[in-house]
Amino acid sequence: MTTTYTFDVFSSLDGFGSVSGGDWGGYWGKQGPELLARRLALYEQPQRMVFGAETLRQFIGFRSDPDMVAEMDAWGLRMIELPATVISSTLTPPIDWPDVTVETGDGVDVVRRLKEKSDVPLRSHGSLSLNRELLNAGLVDFVQVTIFPVLTGRNGDAPVFAGADDFDLELVAQHTLDARTVELTYRPTLH
């Protein structure tokens, strides 16, 4: 039995996963109660997180800063509690992250094995280059993109889908949150 893999990502309307300057703040300044409730509901479900090394390093940095932890939303705190696999040839245990397993080797091979043996769904938040590689390899069952109503042409950083192959997307779910942010879940098929 194969479990599902969801590539969960935040994006500006123009396709950037983050900003490299400006005064946007978290969630591009568009945080709202429906967004936070939806995120918590998604992360309350049993699942295993999958991260690339750079994303986990960033999350560990957030977690090690008491001010950042004090400001974390409930879904972020829940994400930290979930079992996780990090795919890395540079991180070695012990790692300052609860319930993490380090897997070395090719990310495609690692996730293919995880999908075969995991008894819970797999989810990755961020880890753009890893997830583009997995998408291109046909291992991503769902692309869940939360689009924030901003254009970040001047300060946009980390194009979410740069380097991805061409895909047709079947919309399987949609949510409008706080009357401005849209979460779209697609089933990708190589075009």
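Reader: Which side chain does Arg 123 reach at 2.7 Å in a polar contact?

Author: That is the side chain of Gln 144, with which the side chain of Arg 123 makes a polar contact at 2.7 Å; the term stands for a pair of N or O atoms within 3.5 Å, where within protein one must be able to donate a hydrogen and the other to accept it, and residues adjacent in sequence count only if both atoms are side-chain atoms. Please keep in mind that this is a predicted model, in which local features need pLDDT of at least 70 and side-chain atom pairs count only at pLDDT 80 or more, while totals for chains, interfaces and linings use all residues. Residues are numbered from 1 along each chain as its sequence is written, and side-chain values use heavy atoms, with hydrogens and water left out.

Reader: What else does the Arg 123 side chain make a polar contact with?

Author: The side chain of Asp 8 is a polar partner of the Arg 123 side chain, at 3.1 Å.

Reader: And where does Arg 123 sit, and is it buried or exposed?

Author: Arg 123 belongs to strand β6, strands being DSSP runs of E with at least two residues and helices runs of H or I with at least four, numbered from the N terminus. Arg 123 counts as buried because its relative accessibility is 7%, the limits being under 20% relative accessible area for buried, over 50% for exposed and partly exposed in between, with a 1.4 Å probe and protein chains only.

Reader: Which residues is it in contact with, leaving aside neighbours within four places in sequence?

Author: With those neighbours left aside, Arg 123 is in contact (heavy atoms within 4.5 Å) with residues including Thr 6, Leu 42, Tyr 43, Met 49 and Val 50.

Reader: Back to Gln 144: what does Thr 185 do with it?

Author: The side chain of Thr 185 makes a polar contact with the Gln 144 side chain at 3.2 Å. Thr 185 is placed in strand β10, residues 181-190, and is buried at a relative accessible area of 8%. Beyond four places in sequence, its contacts include Phe 142, Val 143, Leu 171 and Val 172.

Reader: New topic: which residues of α4 are buried?

Author: In helix α4, which spans residues 74-81, the buried ones are Trp 75, Gly 76, Met 79 and Ile 80. Seen down the axis of α4, these buried residues fall within an arc of 145°, so they line one face of the helix; the arc is that of the directions from the helix axis to the C-beta atoms.

Reader: What covers them?

Author: The cover over the buried residues of α4 includes strands β1 (5-12), β3 (48-52) and β6 (122-125), together with helices α1 (33-44) and α2 (53-63).
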